[in-house]
Protein chains: 2
Amino acid sequence: MQAVRIAGAGSTAFGASPERTGRDLFGEAARIAIDDSGVPRAAIDRLCYGNFVGTVTERQGHQAPLMAKAAGVTAPATRYESACASGGVALKSAVEAVRSGAADVVLVGGMERMHNVTTERATEGLAMAADHLYESRAGVTFPGAYALMARAYFEEFGGTRADLAAVAVKNHRNALGNDKAQFQTEISTSDVLEAPTVADPLGLYDACPITDGASACVLVSEAYAEENNLDAPIAVTGAGQGTDSLALQQRDSLTRTPATTTAATAAYDEAEIAPSDIDLLEVHDCFTIAEVLALEGLGVYDRGAAIDAARSGETTRDGDLPVNLSGGLKAKGHPVGATGVSQVVELTKLLRGDHVNSAAVPDASLAVAHNAGGTVASATVHVLEVRS
Amino acid sequence: MQAVRIAGAGSTAFGASPERTGRDLFGEAARIAIDDSGVPRAAIDRLCYGNFVGTVTERQGHQAPLMAKAAGVTAPATRYESACASGGVALKSAVEAVRSGAADVVLVGGMERMHNVTTERATEGLAMAADHLYESRAGVTFPGAYALMARAYFEEFGGTRADLAAVAVKNHRNALGNDKAQFQTEISTSDVLEAPTVADPLGLYDACPITDGASACVLVSEAYAEENNLDAPIAVTGAGQGTDSLALQQRDSLTRTPATTTAATAAYDEAEIAPSDIDLLEVHDCFTIAEVLALEGLGVYDRGAAIDAARSGETTRDGDLPVNLSGGLKAKGHPVGATGVSQVVELTKLLRGDHVNSAAVPDASLAVAHNAGGTVASATVHVLEVRS
């Protein structure tokens, strides 16, 4: 099995770019990642690409050939779709391709463009990540679904809106100075608590925004990196994926995310690590409650214990276990198909020391990325480690 | 590298099933394939699933978890989308997973449901396989795009509508008695030539139909098959994929399909075969001209030489090189996301001797499946061989 290195990583600015096409966005992210890697385009053996609702927002399916062209790549290109985990599943496939020797160099990335359509249309698209027959058709949108999960969590373990607000406040603070982030502004707990309710108990600031953007990484085998003298100090040492029932009603519990746990267990086993070895994480905080559930599903907090992590300071920039130093989906933004790759772009920079928040984790050597789709019917977990 | 065997294969009936949901269709195909394999569901390590326009026709993205549930599988599930080659790319990924040892058993399949929406809406969805900015937005639908290719072919190499009609007549004849096929009826050359023109020079019978249906295969490693005494005589010995510019206007030629050639070259190299070794093929005949272009792209005919293959009888049921013995997309039907897998289901049966047309190829030991997306911006080629 080939060891996998990240040779290059890059993202567009995240935010509202209604005038930029998807191919334009992805082309930029790919160019940044490829330039960062020092790998010639002709060496790229395949493109693994994540996108969720391009058929809804750009009337464009079959995006992989389009994005290969935009990236200047002629190798075989495949689109992966697993709702908000589309980037994560593309990444897992890219890791497997390098590991198995099927490819020496893989360009992996994702893109989403949603600000060119109305908010209603974007919401309609996002709702397609839920079970149409049993959820979205009945009017359950994602704020509603995560509100059910938050309410169940509060009932089972306690917790308040103020506890969740600390997640939003933390992630906005982390995004300060992250020049790719959609919101580089601080918010206060009272901003969160006084914001309009979206789906009780979740308010406007408990939710991540709608985001246009793209991210890409160049993965190479360790052998390729050595032969070509690439500066690629970050290794992907674990990759896991989990799948759960799509509809919430088919789950045993609204406060467990077994797909996350399945993915984490597989990734940790591969990397031969325990949750206690993790120095920092990027987790899928599409809503504040999602960060809480992710940290518990990942085994870094016991069930019922992660609700207070942000408020107690443990997961803040200066805490023992910084979470979402990029700003997370909440403040960095959530260009759906790109998010799973974007997390790895941010962690690569954080671990290499070229991120605005690298100073907060000077000795970090092991990071975990967690990407989820829908109400965590899909999840991927990747372990990144610094290697000499 | 693990050798890959097909342990089970199955499809739903293809046709119009507007009352059946996508999950219902896929659940049936998966059940047939799993039952055929003798593999317990708990042994399945992953689901690779192809679907194209579920967001348009069922307002359902994120289908992989849904289809895993429908198949009774709890393993990680991923959706692949490459337009009409979605099934093929899912299959290639499944083959790679078994080869690399990442999985011992993979359920691979695909599904499309389109008869539950209007023909206009289905056409709108299918058009999303083309470049929206440069093709579909300008009014180019797939009959129009393939008509351009047919006209260019006629100008470059000669050929007539009657030559193409022979492809449709052949494929309809092949579908007689194939109990899964959408059209189990013969047509005559004059039926084809007198049918309404869809996009000159292509008429109604030059085009494949809109189809609801699902297909699935169970792939296993040779070691798993041996250890579990599975009857799995068909091996996948080659798998290739190619990508081209999405828009026709960006191609050097309208009569070449380089993505097919790239995929074929890779698959033949892996299998260590030459085109002359092939006993029968299933190729992507979404239009009659597409079968001609496929046979040339695959290297089984020289450029300009495949136009007469069906009329001269070479590719008919009783010819030297039977093509689309299933009936092809033309008569068996084209449930888009399932098609690439459906071709392998049909070839598996043909090679095992349990297909209505097996009698036509009693000594066949090597078959090729060719799946294409859009105007062949994506293509996959798989080589199947009979093993003891």
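How many residue pairs are in polar contact between chain A and chain B? There are 31, counting pairs with both residues at pLDDT 80 or more; a polar contact here is a pair of N or O atoms within 3.5 Å, where, within protein, one must be able to donate a hydrogen and the other to accept it, and residues adjacent in sequence count only if both atoms are side-chain atoms.

Before going on, a word on what you're looking at. This is a predicted model, in which local features need pLDDT of at least 70 and side-chain atom pairs count only at pLDDT 80 or more, while totals for chains, interfaces and linings use all residues. Residues are numbered from 1 along each chain as its sequence is written, chains are lettered from A and ligands numbered from 1 in the order in which they are written, and side-chain values use heavy atoms, with hydrogens and water left out.

Let's stay with the place where the chains meet. Chain A brings 48 residues to the contact and chain B brings 48 residues, with contact meaning heavy atoms within 4.5 Å. The size of an interface is often given as the accessible area lost when the parts come together. Here the buried area is about 3800 Å², and carbon and sulfur atoms give 50% of that; the figure is the accessible area (1.4 Å probe) that the two parts lose on being put together, summed over both. On the chain A side, A:Arg59, A:His62 and A:Met128 lose the most area to chain B, together 19% of what that side buries.

Between chain A and chain B you'll find 8 salt bridges, each being a side-chain nitrogen of Lys or Arg within 4 Å of a carboxyl oxygen of Asp or Glu. One of them links A:Arg46 to B:Glu96, at 2.6 Å from N to O.

Which elements of chain A give two or more residues to the side that touches chain B? They are helix 3 (63-71), strand 3 (77-81), helix 4 (86-100) and strand 8 (234-243); helices (H or I, at least four residues) and strands (E, at least two) are DSSP runs, numbered from the N terminus. Strand 3 gives the largest share, 5 residues. Sorted by class, that side of chain A has 17 nonpolar, 19 polar and 12 charged residues. Ala, Val, Leu, Ile, Met, Phe, Trp, Tyr, Cys and Pro count as nonpolar, Asp, Glu, Lys and Arg as charged, and the others, Gly among them, as polar.

Strand 3 has another story to tell. Strand 3 of chain A pairs with strand 3 (residues 77-81) of chain B in the antiparallel sense, over 3 bridges; pairing requires that DSSP finds at least two bridges between the strands. In this arrangement A:Tyr80 stands opposite B:Tyr80.

Now step back to the whole structure, where a search finds 47 salt bridges over all chains. Among the side-chain pairs that meet this way are A:Asp35 and A:Arg31, at 4.0 Å from N to O. These two are 4 residues apart in helix 1 (residues 22-37) of chain A, so about one helical turn separates them.

How is chain A divided up? Residues 5-222 are 41% helix and 18% strand, with end C-alpha atoms 6 Å apart. For residues 240-385, the values are 29% helix and 16% strand, with the end C-alpha atoms 15 Å apart.

Finally, some backbone details. Most residues other than glycine have a negative phi, and most peptide bonds are trans. Yet a cis peptide bond joins A:Asp200 and A:Pro201, with omega about 15°, and A:Pro201 sits in the loop between strand 5 (197-199) and strand 6 (202-203). In chain B, the bond from B:Asp200 to B:Pro201 is cis, with omega near 10°.
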